[in-house]
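Please open the model in your viewer and keep the selection panel at hand. The stops below each begin with something to select.

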Amino acid sequence: MNIILTLEAYKPYTNGVITHVSMLRDSLIKQGHNVLIVTADPKVHHHTIIDGVLHCPAITMKNIYGYGLATPFSKKRIKILNDFKPDIIHTHNELSMGIFSLVYARKFNIPLCYTLHTMYEDYSHYLAKNKITKSAVKYCGSAYFKLFAKKSDLMISPSDKANEFMDFIGVKNKKIHIIPNSIDVDYFDPSRTTSSHIQEIREELGFSTENFIGLFIGRLGEEKSVDVLIKGWCEKFKDSKKHKLLIIGEGPEKNNLINLAKSCGDSENIIFTGKIDHSNVYKYFCISNYFITASLTEMMSISMLESMSMGLPAILRRDPRNENQINEGKNGFIRDTIEEMTEVVENISKLPTDEYLNLRKTTREHAIELGSDKNINTIIKLYEETIKKYNRKTYLHKKLK
């Protein structure tokens with residue numbers, strides 16, 4: 001098959017959707033399919049194909065991490081896609097590239113697959129600053145996403161939250177295929193390093209053997225509730241010399257969060273690394289003891305899955321819609337409050353070595369089930385079925401004319 005994958009930003013930017021699409025592309029190519037990624041790129045002035053990625057000219061969106069917003073309509077882009085002769089187009093975002101995908105698919109009679117990665121009502125604060133405008137944004141957004149859902153021939157999501165979101169925006173009887181996010185379990189494999197190397201990395205980054213290190217990786221935005229994590233952490237561990245918290249990422253709340261850590265009197269135990277290139281995140285997994293987040297806006301966190309692949313148990317704040325992602329005591333723990341979460345941290349830190357190592361072992365085993373090769377056959381089958389069904393529908397429509 002010739003498959004087009006569209007999204008608003010691609011490498012060198014980093015986020016969960018980019019990681020997901022990169023892995024999907026690699027897995028499809030490994031299976032013998034041809035893939036063209038189409039993305040907005042504010043750094044190019046002309047449509048440019050580099051290593052199988054079509055970079056489309058775009059304006060910079062300063063409020064959204066410097067990503068680009070391209071024009072949804074372009075004759076040059078259409079020509080490039082027509083020359084590629086796609087069998088299906090799969091969009092992973094809903095802005096300029098999403099609109100283009102929808103229009104292109106309908107104009108040229110190509111089936112459209114749509115993956116819902118994000119609960120967008122949790123992100124309305126990026127577009128609106130008060131309650132009235134937030135309500136307006138949510139109302140308009142509901143109509144907008146309803147259009148994507150209704151026009152897509154195949155809909156995928158990594159979480160059951162998608163069904164709740166569809167109900168919320170008034171889309172009924174839409175089949176959503178829940179396919180967990182995949183990870184590269186061979187790359188994120190703790191056996192790739194040694195205990196002596198881990199100690200070297202700890203010393204390089206200023207940690208001792210005695211430190212018990214928690215890890216958060218993600219966007220430092222309001223929706224991630226990192227402030228909740230910091231406040232709870234300070235209350236529990238601000239006088240501890242053993243416990244450390246690594247916070248990796250950038251975002252509009254970074255300075256506020258740094259100041260919060262200082263005001264709590266725990267700036268030495270909470271370390272902000274800033275943005276770390278995805279290729280360098282491995283060593284931070286190596287030195288950490290667990291993954292922790294208080295966010296309630298996740299569909300299925302790629303960072304969490306990569307951490308689990310490295311054998312780091314996940315400690316999460318309870319989100320009833322995602323409880324099935326954790327097998328209690330086997331790959332992580334879910335608690336209702338940050339106080340209960342930090343209590344779990346303390347309990348894990350006191351486990352006998354053999355029990356802690358066994359917890360890491362079972363965490364890794366659960367993650368292997370989400371390896372990149374596990375879900376690709378399901379996705380390919382869905383593509384093939386959708387193309388066949390769409391072609392049949394198009395044939396009948398033309399015949400009836």
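Begin by selecting Leu69, which lies in strand β5 (residues 67-70), a strand being a DSSP run of E of at least two residues, and a helix one of H or I of at least four, both numbered from the N terminus. The model is a predicted one, in which local features need pLDDT of at least 70 and side-chain atom pairs count only at pLDDT 80 or more, while totals for chains, interfaces and linings use all residues. Residues are numbered from 1 along each chain as its sequence is written, and side-chain values use heavy atoms, with hydrogens and water left out.

Leu69 has a relative accessible area of 31% and is therefore partly exposed (buried is under 20%, exposed over 50%, partly exposed in between, with a 1.4 Å probe and protein chains only).

Next, select Phe188, which sits in the loop between β9 (177-178) and α6 (195-204). Is this residue, Phe188, buried or exposed? With a relative accessible area of 2%, Phe188 is buried. Show its surroundings: apart from neighbours within four places in sequence, Phe188 is in contact (heavy atoms within 4.5 Å) with residues including His278, Tyr282, Phe285 and Arg364. Ala367, 179 residues away in sequence, lies 10.0 Å from Phe188, C-alpha to C-alpha.

Finally, colour the open sheet of six strands, whose order is β12-β11-β10-β13-β14-β15 with parallel pairing (two strands pair if DSSP finds at least two bridges between them). β12 (270-274) and β15 (332-335) stand at the edges with a single partner strand each, so one side of each is left without a neighbour in the sheet. Within the sheet, select β10 (residues 212-217) and β13 (residues 290-293), which pair in the parallel sense over two bridges, and find Leu215 opposite Phe291 in β13.
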